[in-house]
Amino acid sequence: MDLKALAAANPDHWAKATAIRALTLDAVAAANSGHSGMPMGMADVATVLFEKHLKFDPSQPNWPDRDRFILSAGHGSMLLYSLLHLTGYADMTLEEIKNFRQWGSRTAGHPEYGHASGIETTTGPLGQGIANSVGFAMAEEIQRATYGKKVVDHHTYVIAGDGCLMEGVSQEAITLAGRHQLSKLIVLWDNNNITIDGPVTLSDRTDQVGRFKSAGWAVLEIDGHDPAAIDVALTQAKKGNKPTMVACKTHIALGHAAQDTSKGHGALTDAEQLIAAKEAYGWKTGPFEVPADVKAAWEAIGARGAETRKAWEERFDTLPRGKRETFNRAYALEAPKKLSAVIKAFKKQMSEGAPKLATRASSEKVLEVINPVMPETVGGSADLTGSNNTKTADLGVFDVDNRDGRYVYWGIREHGMAAAMNGMALHGGLRPYGGTFMCFTDYARPSMRLAALMKIPTVFVMTHDSIGLGEDGPTHQPVEHLAISRATPNTHVFRPADTIETAEAWELALTSKNTPSVLSLTRQGLSTVRTEHKTKNLTAQGAYVLADAEGKRQAILLATGSEVEIAMAARDILQADGIGTRVVSMPCWELFEEQDESYRKRVLPGGPVRVAVEAGIRFGWDRWLFGERGRREKAGFVGMHDFGASAPAGTLYKEFGITAEAVAEKAKALIK
C-alpha cells in the first residue's frame, strides 16, 4: 500500500484519519493491551462518515434525532474513543484516552454503554452490535411513522468485521433487516480477511456480498481507503429503499509492520515498529499529541451539528402539545399516570372474579389494559405468538406498509429478537417486550446478560416455565433456567403465582428504568391465590406473607409461581394436623433482597422449619432456606433434581414428587 500516494491525494483527509491511527497506537502502547489493527484499517471510512454524513452534536449527545453510530467490532474501541475525543465530546478527554483500559476510565477495553456519551450500545461480544442495530432501525421507523418525519428522520450506521458476520446472530439480524426493508440501516463491513488465528479462509468461505444480497440488502463494494469512493457509497446508501451493506476492502493495521497479518489484529506495542508506522504516516508529533490544525478541523466537524439540532428543536416545538409530552415522557422512561390506575382496577376485577388462568393468559389480559395507555410498548414473539400471548388487538403489526405497528413477528430468531429489543430500548422512546419458551432463554441469554450489564429495561416474556408445559418433554421443560436468570446481576426475575401477581410484575417491569425483567409464566392454569384486593403492589416487596399460621407458627412454606397453590394446599394439610403454617409467596427474589432487614425478618422470622417448593432446581434457594435466620437442619426443598419427561403436566408433578402431600410430609419430618 503506497501511503505517500494516499496522503498526497487527499492531504486534509489523511491528516484527520491519521490522528485516529496515532491515538490508537499510543493508547494501546500505554496500556500494553488492546486491539490496534481495526481502528488503523477503518480510520478512513470513519473519517468520511463523521465528516460528511453523520448527524450528531457533541454538545447535546443524546439529541433524539441524531444518527446512531454502532461499533459492532467492539474490540476496535479506540476508533470510537478517538472519534469522540477529536470531535469534542466533553467527557472523552485526552486524559481518558491516555487511561485506555485502566481502572475507573471511561475507555474500557470494549465500548460500554453509559460509560461515556456517544457510546450507543455495549459491544465486544461479536455480532451483538449489528443485531442491536436492527432494533435501532426499527425504532426509528416506528417513531417516524408515529411522530412524523420532521422530528424523527435519522440513520443507523454500523461498523462490523468478519467476526461479527461469522457469529450466528448476524444471520438472524440481516434477514430481519432485509425482510423489513430497513432502509435507514447502513452496515460498513471491514473486509480485511484477517481474524485472530489468521486469514478468514482458515475457517470460512462465505460470499458475504451474495449473502447480504440474498437477504434483501443492497450491497456496494469499495476501496476502504479511498475517501471519494467512501463518500459516494454512503451518499448512495442513504438514498436506497433497502438496508445497505458497504463492503470496504481494507488493510488491517495499515502502515504498520503487522499490516495484513493476524498479529495486526491485536496489541501493537513494539516501540520501534510504532515509531516506524508514524513515520510512514508522516506523523511528527509526540505521544498523544494531535497537531492544533488537525484537532481544530475535527472540532469543526463536531460543532457543525449544533445548527441542525437547533433546527430540529424548532420543528419539534411545532408538534401538538400531547405528542410532545408523550415523546418526552417515553424518552425519559416515565410511565403514563394512567398506568397505576388501570393496574389497580384490573387487580380488583381479578380478585373478585378469581379466575383460573395460566399466567401466560393472565399476562395477555394485563397487556390488554396496559398497551392502550402506553403507546411506547412494542411487543413480539419468536414465532410463538399464540403460546406466549404477547399480542393484543390494539397493537397493529409492524411491517413495510405499517410502520407504526407495534407488534413484531420475529420469526424463529430468539437470539436476534432479544438483541434487537435491546436496540429498541437503547434507541429510546420505546418499551420493548418479546416472548419465547423459557427453555429458550438459552438462545436469548447473550442479549439478556447485556441488557443487565447496560442497565436497560428490556422485558423478556418467558412462558412454559416448568415441567408444567407437559408433553413436549425435557427438551422444552426448563429446570435450570430460573437459576441462570437469577444468577445474573441487575435482573428482576418475576415468577407470578396468579393473575394479580402477573399484573403487579408487569407494572414493575414497565416502570423500571435501569433493570431488565424476566417474566416466568405458566402454560397450565393456576387458581387465583390473591382473592382479597389490595391496592398496594405486594410483588414490589419481592416476597410477602400470603397466608399466616393459625395457632403456633411451626412451619414456613416458600414458593413461587405455579407452586404457590401447592404450598397453600400443603398448608391446609398441615393446619388440619395442628401445625401452624405460614405461606410466603416469593415472586421476585431480587426485590426481596433489596428490602430492609426488618421487613425480611417479619416475613422470614427465625424458629419455624422452612420448606421451599419450586418446579426447578434447588440452586439459589439455600439463601432463603437457611440464610436469613434459617437453619440448615430445619430446611428442605421440594422440586426438580434432574431433567423432566414427556407426559401430561399433572402426571409429571406427581411422578417428580412436587405435590402438596410431599411438601407437608417434608415439613413434618423436619419438625420431628
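**Close-up views of a predicted model**

**View 1. Pro-199 lies in strand β5 (residues 198-199).** Helices (H or I, at least four residues) and strands (E, at least two) are DSSP runs, numbered from the N terminus. The model is predicted: local features need pLDDT of at least 70, side-chain atom pairs count only at pLDDT 80 or more, and totals for chains, interfaces and linings use all residues. Residues are numbered from 1 along each chain as its sequence is written, and side-chain values use heavy atoms, with hydrogens and water left out. With a relative accessible area of 35%, Pro-199 is partly exposed (buried means under 20% relative accessible area, exposed over 50%, partly exposed in between; 1.4 Å probe, protein chains only). Not counting residues up to four places away in sequence, Pro-199 touches Asn-193 and Ile-194 (contact means heavy atoms within 4.5 Å). Pro-199 and Asp-260, 61 residues apart in sequence, are separated by 8.9 Å from C-alpha to C-alpha.

**View 2. Asn-192 occupies the loop between β3 (185-191) and β4 (194-195).** Asn-192 counts as buried because its relative accessibility is 8%. Its side chain forms a polar contact of 3.0 Å with the side chain of Asp-190 (a pair of N or O atoms within 3.5 Å; within protein, one must be able to donate a hydrogen and the other to accept it, and residues adjacent in sequence count only if both atoms are side-chain atoms). A polar atom of the Asn-192 side chain also lies 2.9 Å from the backbone nitrogen of Ile-194. Leaving aside neighbours within four places in sequence, Asn-192 is in contact with Asp-162, Thr-250 and Ile-252.

**View 3. Strand β13 (residues 517-520) has buried residues pointing both ways.** Ser-517 and Leu-519 point one way, Val-518 and Ser-520 the other. Strand β11 (residues 459-463) pairs with β13 in the parallel sense over 4 bridges (pairing requires at least two DSSP bridges between two strands). Ser-517 in β13 is the bridge partner of Val-459. Strand β12 (residues 492-494) also runs parallel to β13, joined by 3 bridges, and Phe-494 has Leu-519 as its bridge partner in β13. From β12 the chain crosses through helix α21 (residues 499-509) to β13 in a right-handed β-α-β crossover (with the strands pointing away from the viewer, the path from the first strand over the helix to the second runs clockwise).

**View 4. Lys-634 is found in the loop between α25 (622-625) and β18 (635-639).** The side chain of Lys-634 reaches the backbone oxygen of Leu-670 at 2.8 Å. Leaving aside neighbours within four places in sequence, the residues in contact with Lys-634 are Val-609, Arg-610, Leu-670, Ile-671 and Lys-672.
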